[in-house]
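Keep the structure open as you read.

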Amino acid sequence: MGYAKGVAAPATRTEQVYEVIRSELLNGGLHPGQKLKMVELTERFGVSQSVIREALTRLTEQGLLVATPQRGFRVRDLSIDDIAELTETRIQVESLALRLAVERGDLQWETGILAAHHRLERTRVSRDDGTVSEDWSVQHRDFHQALLTGCSNGRLESVATSLRDSAELYRRWYWVLTDDHQRDLAAEHRQLKELALARDADRAIAVLTEHIDRAPSLLIAYAREHGVDELTPPARQDQARPA
């Protein structure tokens, strides 16, 4: 992959390095298991190793990288077992939070869902180069948080958010590695909004379960077909496929 020029603004060097590497991780520029070489990164960004290490440590804390003593940092490996366990846990936790939100949500919760969905629908999914827009990712996250916030249980919301963050790298690999062009995400989100506002908890949870499970199921199928050692994303994608 090509290397970018050095970063500017000394006061924000770590943040800039972090943002560039995170974007590459989440858009298929770095593949599962790839090692990040400290010397190459310091030359690429024109910063000290301490700046690079701080940025990589932050990405490790978010579950995007793995740090190994004496061996440095590498992209998290794709694990079928981890995907399955994470997905099962997310479905259970988010389903509980959504059911409580439907039962407890007030007018402010309803207004929040409408506003978040409005912003999501009016934000482009992908950039001109086919990679997923970070603006869309933010609106997507906010919409799902808006659905659950009515549960009025901060601990439950926190767990749900943490699990969604852990799934982010897998979702991005799904967009890059699998072929799911027929998916209508806008319709899925619209249905979630409508069912939540209609206070139809059972149907809303059924739609949410399918929404959460689709990307992991296709990624697991891809991993089994190709083998974990062959999961190198193609150099360029014509279309991004968010989850």
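Tyr-170 and Trp-173 both belong to helix H7 (residues 154-177), where they sit three residues apart, about one turn of the helix. Helices here are DSSP runs of H or I with at least four residues, strands are E runs of at least two, and both are numbered from the N terminus. The model is predicted, so local features need pLDDT of at least 70 and side-chain atom pairs count only at pLDDT 80 or more, while totals for chains, interfaces and linings use all residues. Residues are numbered from 1 along each chain as its sequence is written, and side-chain values use heavy atoms, with hydrogens and water left out.

How many aromatic pairs does a search of the whole structure find? It finds one. To pair, rings of Phe, Tyr and Trp (its six-membered ring) need centres within 6.5 Å; planes under 30 degrees apart count as stacked, over 60 as edge-to-face and the rest as tilted. The ring centres of Tyr-170 and Trp-173 are 5.8 Å apart and their planes meet at 65°, so this pair is edge-to-face. Tyr-170 counts as buried because its relative accessibility is 6%, and Trp-173 is buried with a relative accessible area of 0%. Buried means under 20% relative accessible area, exposed means over 50%, and partly exposed lies in between (1.4 Å probe, protein chains only).

The buried residues of H1 are Thr-14, Val-17, Tyr-18, Ile-21, Glu-24, Leu-25 and Leu-26. Their cover includes E1, helix H2 (38-45), H3, E2, E3 and H7, with contact taken as heavy atoms within 4.5 Å. Just after H1, Gly-28 takes a positive phi of about 85°.

Now for the sheet. Its three strands form an open sheet in the order E1-E3-E2, with antiparallel pairing. The edge strands are E1 (35-36) and E2 (65-68), and each pairs on one side only. Two strands pair if DSSP finds at least two bridges between them. Strands of a sheet pair through backbone hydrogen bonds, either parallel or antiparallel.

Four bridges join E2 to strand E3 (residues 72-75), and two bridges link E1 and E3. Across these pairings, Ala-67 stands opposite Phe-73 in E3, Leu-65 stands opposite Val-75, and Leu-36 stands opposite Phe-73. E2 and E3 form a hairpin with three residues between them, and Gln-70 in the turn has a positive phi of about 70°.

Another helix, H8 (residues 185-197), has 13 residues and reaches 19 Å from its first C-alpha to its last, close to the 18 Å expected. Which residues of H8 are buried? Leu-185, Glu-188, His-189, Leu-192, Lys-193, Leu-195 and Ala-196 are. Helix H4 (80-104), helix H5 (107-121), helix H6 (134-148) and helix H9 (201-226) are among the elements that cover them. After H8 comes Arg-199, whose phi is positive, near 60°.

His-144 lies in helix H6 and counts as buried because its relative accessibility is 2%. Apart from neighbours within four places in sequence, His-144 contacts Arg-164, His-189, Leu-192, Leu-208 and His-211. His-189 and Leu-192 are among the buried residues of H8.

To step back, the protein chain has nine helices and three strands. From the N terminus on, its elements run α-β-α-α-β-β-α-α-α-α-α-α. Of its 243 residues, 45% count as buried. Among contacts between residues at least 6 apart in sequence, 75% join residues at least 24 apart.

Key: Expected span 1.5 Å × (residues − 1).
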